[in-house]
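Good morning, and thank you for joining this presentation. I would ask you to keep the structure in view while I speak.

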Amino acid sequence: MYMHILRNVRLTRLRLGLVTLLGLMVLGGATAQSVPAGTLRVGMESPSKLDPAYASSDAEIAVLNAVYDYLVDVDADNNIQPRLATSWKVSQDGLTYTFQLAPNATWHDGSPVTAQDVVYTFDRLRNPDLKLPTSDLYADIDTIEATGTHEVTFTLKQTNPFFLYDLSDNHAVIVKKGTTDFGSTFNGSGPFVVESYHPDDRMVLKANPDYFLSGKPGVGTLQLIFFSDQSAEVSALRGGQIDLAMRLPSSLYESLKGVNGITRVDVPTNGFNVVRLRSDHKPGSDPRVVQALKLAVDRKAITEAVTQGLGVVGNDTPIGPLYKKYFDAGATPPATDTAKAKELLKEAGYPNGLKLDLYTPNTGDRPDLAVVLKQQLAKAGFDINVVVEPESVYYGDNKWLQVDFGITGWGSRPYPQFYLNVMLECGAKWNETHFCNQEFDKLAKEAGNTLDAQKRIDDYHKIQQMLASSGPIVIPYFFPQLGAIRDGFTGFQMKAFAGRTDLASVHAQ
Amino acid sequence: MASSAAAAARRSAWLRGLLELYRKPSSALGTSLVAVFLILAALGPLATPYGATEQVFTDRSQPPSLRHLFGTDHLGRDVFSRVVAGDRDIFLLAGSGTLIAVVVGTLVGLFATYRGRWAEEITYRFFDSLLAVPALLLALLLLGSLGPSRSSVLAVIAVAYTPIVARVVRSVVLDTKTKEYVLAARMQGESTAFVLGREILPSVLPALAVESALRFSYAIFLVASLGFLGVGVQPPNPDWGLMVSEARDFVYLTPWTLTFPALAISLLVIGVNLLADGLKRVLQVGAGP
């Protein structure tokens, strides 16, 4: 057609060139603006739980994020952004949140998204009788009411400065009222509609033509292709069988350096591996042993060797440099000193060294971390026996909460309070060190409730000082989120939690 | 005098056997390969310039050179030293595992088959049930309950291969126990132990030697597979399978960390198999009386 018009009009070379250029611009603009075109093939691990309440891995969250919508979203800079809720108001006392929903949002079956659906979603997630993993998170919600067809109101029992982040929790995609068969039906409101799902193989999704956010999604077809082996995934990326891979180990990421047609993407995160010794009984109950452990570790050397220098050196606190205003650069652990560590071990009653089994899941760079730690700690008199276990064994039956000495991976969160609440407070659900310190609890509680931003910053700084100097955990580094995408796509912006990356904003050129 | 003459005769028989192995290129190659690995395993730390788990921070990810024959991995460990240490480990693990399987399998096979009737029935039906499960699956099941460690791997090899050895023994014993010289010994009132040890065992030995070599090659493979799957020997031990598994993500960055342990597994397994073939020929197993 296009050529046909050109042939009829008979223009000079120059004009012909200009018109072609204009035409291409119009065509290009058209594909980017209105009609989603092209295919984006994303490699990822196989999702296993697609019920939003149980989903947790990046792959699972990526599927949810494509098929459903969150009430509010978090952008790459950890700022809250509208999604299904177009606007919201917070009452003066900080206890009432009122959200306006997008009036034109519809479910994939054609029915409109209403406030009732939001009420159903959060009532389900917080219902203590259902024993869902999210019930603790939403325990501070008093009531949720549909105050209009497209207006929903949350009332809290106590102030929570991070409530909007809680609402944007990975589990909290909005589902249609009455839905129970998650995992087999996918009636979302999101940018993509599930066309076919072959577990352990692939999921094919088509652009949702009625999506309420204009300009999204960018591609006509989204293929999620599942890999059980990351080196196979990277080979597929090199060979052009997939276009995008995220959550790469640093080794494979480094191997893509300078490969034609592939762009590497590197995003800092607050994800970390925590090396922790149980503090509720010997030997970890002796502060001298903990101090010896902290003195024996060379965090910089670990970061260099284990993350190929791509990570950011940690200070033994979960509040990392990513949380700019909360981070206290002055809170640093004692400098590496193996002689002093050895001395402390001797004082603590281990003149001939301390023998410990170090448990670690077999995923990511954790086995490498264990091996490097073994060598570093040996110099200070620790005799470490590394036990690598499949992730399912390490986390199964809560074994990770039982073992004396272990390495655990913690994902990146948009705000730091989460780590304090579930990992370090007395009796917290995932308090793997069994750490219990009244002063810490007081600071953490206050930081988590106060609406005074400066007070919160002060509390977080005190917490970092405390953890860095004498806390029960060693956090040698924060890992980066590493990904790679084939040329020919625009609009890709990877997030610290890869599963929350907005695949709907990616366009094929 | 007589005993030393007999010893000399035995020695020359060994020598003749060895020479016989070198008469065919395939078994010559196999024998040489096994010999090289065996010598390296025996030398162990004497042959290696670095410790197997020693991390030299400044020497990370170095390609093969005179300083590091097989290069270094991303943690600065010398791959040659690790391959040699792994060689010793695999001979010890697969070797002693095979030895246990051969000794237990032979004893059980001899007694159960010689006794016949219910002893034989029960033993072999039990062994059949073990054989119905593939060795690797059986290994994974056992390691799942025992937990990963060196001794568990040893136990796994013994449990997986004892029935197979016992079966081979049985086939020979069934044939031998009706032979006239065995019947004569029994008629003379010799004890069961004597009949089994002096009359039957010698005819089992050639088949057993070949089977042992074959079992050894499978045991090497099993140890490496378990290491690769991460349920066998634990890091930072220089297990070949584990090394291959750890190096997978580094295949583009430091290919030598993958190549050398993988090559070592292949060469040793091929070597032992060729040796087993050679033994079969030299000892005339399966060639009839």
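**Two chains and their contact**

I begin with the order of elements in chain B, which reads α-α-α-α-α-α-α-α-α-α from the N terminus on. Please bear in mind throughout that this is a predicted model. In numbers, chain B has 10 helices and zero strands.

As for confidence, the average pLDDT of chain B is 90, and 98% of its residues score at least 70. The model as a whole has an ipTM of 0.78 and a pTM of 0.81.

Let me stay with chain B. Its C-alpha trace spans about 75 × 50 × 30 Å along the principal axes. Of the 289 residues in chain B, 44% are buried. If we take the contacts in chain B between residues at least 6 apart in sequence, 69% of them join residues at least 24 apart.

Which residues have the most contacts inside the largest nonpolar core? They are B:Ala94, B:Ile157, B:Val169, B:Ile220 and B:Val223, in a core of 74 residues. Several helices of chain B give two or more residues to this core, including helix 3 (79–115), helix 6 (150–176) and helix 10 (256–282). The helix that gives the most is helix 8 of chain B, with 16 residues.

Leaving aside residues up to four places away in sequence, B:Val223 touches B:Ile90, B:Leu93, B:Ala94, B:Val153, B:Gly232 and B:Gly241. Another core lies apart from this one; it has 71 residues, among them A:Ile61, A:Tyr138, A:Phe192 and A:Leu237.

We now come to the place where the chains meet. Here 19 residues of chain A are in contact with 15 residues of chain B. On the chain A side, the elements giving two or more residues are helix 6 (230–239), helix 7 (250–255), helix 9 (299–306), helix 11 (366–378) and strand 17 (382–389). Helix 11 of chain A gives the most to that side, with six residues. By residue type, the side of chain A that touches chain B divides into 10 nonpolar, six polar and three charged residues.

How many residues of helix 3 of chain A are buried? The count is 10 of 10 for this helix, which covers residues 58–67. The buried residues include A:Asp58 and A:Glu60 as well as A:Ile61, A:Val63 and A:Leu64. Against what do they pack? Their partners are strand 1 (39–44), strand 9 (173–174), strand 10 (192–198), strand 11 (202–207) and strand 12 (221–226) of chain A.

Helix 8 of chain A, residues 287–296, is mostly covered too, with eight of its 10 residues buried. Among those buried are A:Val289, A:Gln291, A:Lys294 and A:Leu295.

Let us consider a sheet in chain A. Four strands form an open sheet in the order 5-6-8-7, with antiparallel pairing. Strand 5 (85–90) and strand 7 (141–148) of chain A are at the edges and have a single partner strand each, so one side of each has no neighbour in the sheet. From one strand to the next, the twist averages 20°.

Within this sheet, strand 6 (residues 96–101) and strand 8 (residues 151–156) of chain A run antiparallel and are joined by five bridges. A:Gln100 stands opposite A:Glu151 of strand 8. Helix 4 of chain A, residues 115–126, lies across strand 6, strand 7 and strand 8, and runs at about 165° to strand 7.

Why may we call strand 20 of chain A largely enclosed by the rest of the structure? Nine of its 10 residues are buried, and therefore the description applies.

Strand 20 of chain A also pairs with other strands. Strand 14 (residues 262–277) of chain A runs antiparallel to strand 20 and is joined to it by nine bridges; here A:Ile262 has A:Arg486 as its bridge partner. Strand 13 (residues 244–245) of chain A is likewise antiparallel to strand 20, over two bridges, and A:Ala245 is partnered by A:Ala484. Strand 15 (residues 312–313) of chain A pairs with strand 20 in the antiparallel sense, over two bridges, with A:Val313 opposite A:Tyr477.

Conventions:
Residues are numbered from 1 along each chain as its sequence is written. Chains are lettered from A and ligands numbered from 1 in the order in which they are written. This is a predicted model: local features need pLDDT of at least 70, side-chain atom pairs count only at pLDDT 80 or more; totals for chains, interfaces and linings use all residues. A residue is buried if 20 or more other C-beta atoms lie within 10 Å of its own, exposed if 12 or fewer, and partly exposed in between; C-beta atoms are placed from the backbone. Two residues are in contact if their C-beta atoms, placed from the backbone, lie within 7 Å. A nonpolar core is a set of buried Ala, Val, Leu, Ile, Met, Phe, Trp, Tyr and Cys residues joined through C-beta atoms within 7 Å. Ala, Val, Leu, Ile, Met, Phe, Trp, Tyr, Cys and Pro count as nonpolar, Asp, Glu, Lys and Arg as charged, and the others, Gly among them, as polar. Two strands pair if DSSP finds at least two bridges between them. Axes are lines fitted to C-alpha atoms, for helices over the stretch in contact, and angles run from 0 to 180 degrees between N-to-C directions. pLDDT is the predictor's confidence in each residue, from 0 to 100.
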